[in-house]
Amino acid sequence: MFKARIKVVGIGGGGGSIVSEIGRSLEKATFVVADTDMRAMKKRPGIRYGCFGQEMTHGLGTGLNVDLEKKAAETAKEKVSGIFEDQDIVIFIASLGYGYRDWE
């Protein structure tokens with residue numbers, strides 16, 4: 001009997017929060033959270049976490065700086081390509097948010 005290998009990937013703070021919540025109750029998929037902001041990582045059993053872009057963000061969020069987000073993601077190309085290995089289905093979950101900013 002064929003059993004699909006499914007990976008659910010949460011990108012950024014919003015996507016990471018969603019995946020952290022659904023990953024607690026589902027066992028039929030592998031769950032991964034990827035973010036530049038180390039503070040947003042909610043360590044939960046059964047969920048893999050990966051930070052990227054620390055050289056540019058110093059472990060913080062990108063504050064909606066699209067150019068910085070793009071550069072940070074480009075530094076993680078090799079990590080991201082590993083997500084697809086040996087998978088039948090990969091689902092990405094992201095959310096548009098405000099990031100961590102200093103509001104005046």
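Buried residues have under 20% relative accessible area, exposed ones over 50%, and partly exposed ones lie in between (1.4 Å probe, protein chains only). Arginine 24 is exposed, with a relative accessible area of 53%.

The model is predicted, so local features need pLDDT of at least 70 and side-chain atom pairs count only at pLDDT 80 or more, whereas totals for chains, interfaces and linings use all residues. Residues are numbered from 1 along each chain as its sequence is written, and side-chain values use heavy atoms, with hydrogens and water left out.

A salt bridge was assigned where a side-chain nitrogen of Lys or Arg lies within 4 Å of a carboxyl oxygen of Asp or Glu. By this rule, 3 salt bridges were counted.

One of them joins aspartate 88 to arginine 5, with the closest N and O atoms 3.3 Å apart. This pair links distant parts of the chain, 83 residues apart. Aspartate 88 sits in the loop between α4 (77-83) and β4 (89-94). Arginine 5 lies in the segment before β1 (6-11). Helices (H or I, at least four residues) and strands (E, at least two) are DSSP runs, numbered from the N terminus. Aspartate 88 is partly exposed, at 36% relative accessibility. Arginine 5 is partly exposed too, at 42%.

Arginine 24 pairs with glutamate 21, at 3.2 Å from N to O. Glutamate 21 is partly exposed, with a relative accessible area of 36%.

Aspartate 37 and arginine 39 also form a salt bridge, at 3.2 Å from N to O. Aspartate 37 is buried, at 1% relative accessibility.
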